[in-house]
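This briefing concerns aromatic rings and their surroundings. Please look at the sequence and the structure first.

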Amino acid sequence: MALSALTFVQQAVTRISEPDLAPVRLPAVVGADLEVPVRGGRLVQYANLDYAASAPCLEPVNAAVAAALPAYSSVHRGAGYASQLTTARYEQARHTVRAFVGARPGDALIFVRNTTDALNLLARSLPEGTTAVVFETEHHASLLPWQNAVRLAPPAFPGEAIRAADEALAAIDGPALLVVTAASNVTGELWPIAGLAHIAHRHGARIVVDAAQLVPHRELNLAALDLDYVAFSGHKLYAPFGAGVLVGRPDWLACADPYLRGGGAVQAVGETTEWSDDPQARHEAGTPNVLGAIALAAACDALTATGWTALVRDEERLLARLRAGLAAIPGVRELSLWGQDHPRVGIVSFTVEGRTAREVAEAVSADWGIGVRDGKFCAHPFVRHLLGGGEDGAQEDGGCADGTFSAVRASVGIGTTTEHVDRLVEALREIATT
C-alpha cells in the first residue's frame, strides 16, 4: 500500500475510535462463543473472518425460525390453521424483503435458492435475442448464466466502467441487459450502479444488480436507484437457511417459461397447460423454502431495526483497523481495482510474498483459530487480472485446485471483534517474517 493510502487508513482508525462516538449495539450471532482446536491441542475462540462466503446466523433469525416451526405447514392451498398461518408468514416475508430493498409497488419478488439461482432464472426469462453486457470483474453467478453476452474488460476507474457500458450498449441492436455487481466479492469495492443504471436506460436497456455482497453491509433502494432487477442470497445476509431472491420488473418474468414446471405454477392442466400469469407463482413451483423465506425476512428486520448508521460505522472501524494492520506488514499486498481510497464494504483480499494463499489460510486456521477464504473466489478472470495474470495467465491457470493466481480474503460483519482483526494481523506478521 502506498504511504498516502496507509496514512488515510490509519487516520480512519483514529477518527472511528474517537471517544465521543456512542457504543454500537448490534444483534448477536449464533456461535459467537464457538471454540476450535489449534495446533498443540488448545481450544481458542473462533475468529470468523469469512463473512463474504457465508455469514453466521443472527439470533433474531434463529428465533424467528424456531417460532415458525411448531405451526410449519405447506403454503397457499391448505384450509387448515397451520397452513393458513404458514402461508401468511410466507407472504409477509415477501412483503418484508420487498420493503427492505425499496421495491416498486408492481415489482415481483421471487424466492429462489441463492443469487446464482436468481440470475439463472432471469437469464432464462430474457426476451429472445437479448444481449447481456457484463464486466469480467463479476462473480461467476453473474458472469456465466447469459446465453448471448458481451464481456467488458476490468475498467481502470469508475468513470471508465460507465464509458465502456455506454459504448457496448450503443453497439447492440435489440434488447439488452447490463449486468453489474454492487460490491465486489473480491475487493469489496463499491460500483457506480446509479450511473450505470442511467446509462442502461438511456439506451433502452435494463440493468440487473448482483447485490449479494452489498445488502449485508449497506442500505439498498431499488426504486431510488432506478434498478430493474436485484438479486441476493440469504446466506450472506445472516440467514443461512437456503433462500435468496430475485426482485424486479414483472413483465419479462410473466412472459417467460416457468423456471420449474409443477404444482403452484399453473392455473389449469388438461390437454394443454395454462400457466399462472403471476410471475411469483409462475416461477415458484412446488413447495417453497418457507423457513428460508421467514429467516431472510427476519434478517432484513434485524438489520433495519439496528440501523445502517450503526452497522456501517462498526464495519468501517473494523475494516480500517484491518487494512492499516495489513499495510504495515512487509510483503503483504492488498488487492484493489480502483485504488486503496475507493469506498468499499468489509472485504479485503491480499497476497503474502513467498507464501501461497492456501498455505496462509491453513496456517492461520491451524495455529490461530482464524477462518479466512483462499482461492479465486468464484471470480477467476477478475482475480487473474488483479494478480497480473492477463491472457497468458488465463491459459496457464488450471483453476482453483492448482493454487495459481490465488489470494487470501478476509471479510468482516456483525460478530467480528477488534480481537479477531488484531489476531489475524499478528498471525500474518509472523507468517510474513518467518
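Buried here means under 20% relative accessible area, whereas exposed means over 50% and partly exposed lies in between, with a 1.4 Å probe and protein chains only. The model is predicted, so that local features need pLDDT of at least 70 and side-chain atom pairs count only at pLDDT 80 or more, while totals for chains, interfaces and linings use all residues. Residues are numbered from 1 along each chain as its sequence is written, and side-chain values use heavy atoms, with hydrogens and water left out.

**Aromatic pairs**

- Rings of Phe, Tyr and Trp (its six-membered ring) pair if their centres lie within 6.5 Å, and planes under 30 degrees apart count as stacked, over 60 as edge-to-face and the rest as tilted; by this rule there are six aromatic pairs.
- One of them joins tyrosine 90 to phenylalanine 111, a tilted pair with 5.2 Å from centre to centre and 45° between the planes.
- Tyrosine 90 belongs to helix α3 (residues 81-100) and phenylalanine 111 to strand β4 (residues 108-112), 21 residues apart, where helices (H or I, at least four residues) and strands (E, at least two) are DSSP runs numbered from the N terminus.
- Tyrosine 90 is buried at a relative accessible area of 0%, and phenylalanine 111 is buried at 9%.

- Because tryptophan 191 lies in the loop between β7 (176-181) and α7 (193-202), and tryptophan 338 in the loop between β13 (332-334) and β14 (347-352), the pair ties together parts 147 residues apart in sequence.
- Both tryptophan 191 and tryptophan 338 are buried, and together with Phe135 they form one aromatic cluster.
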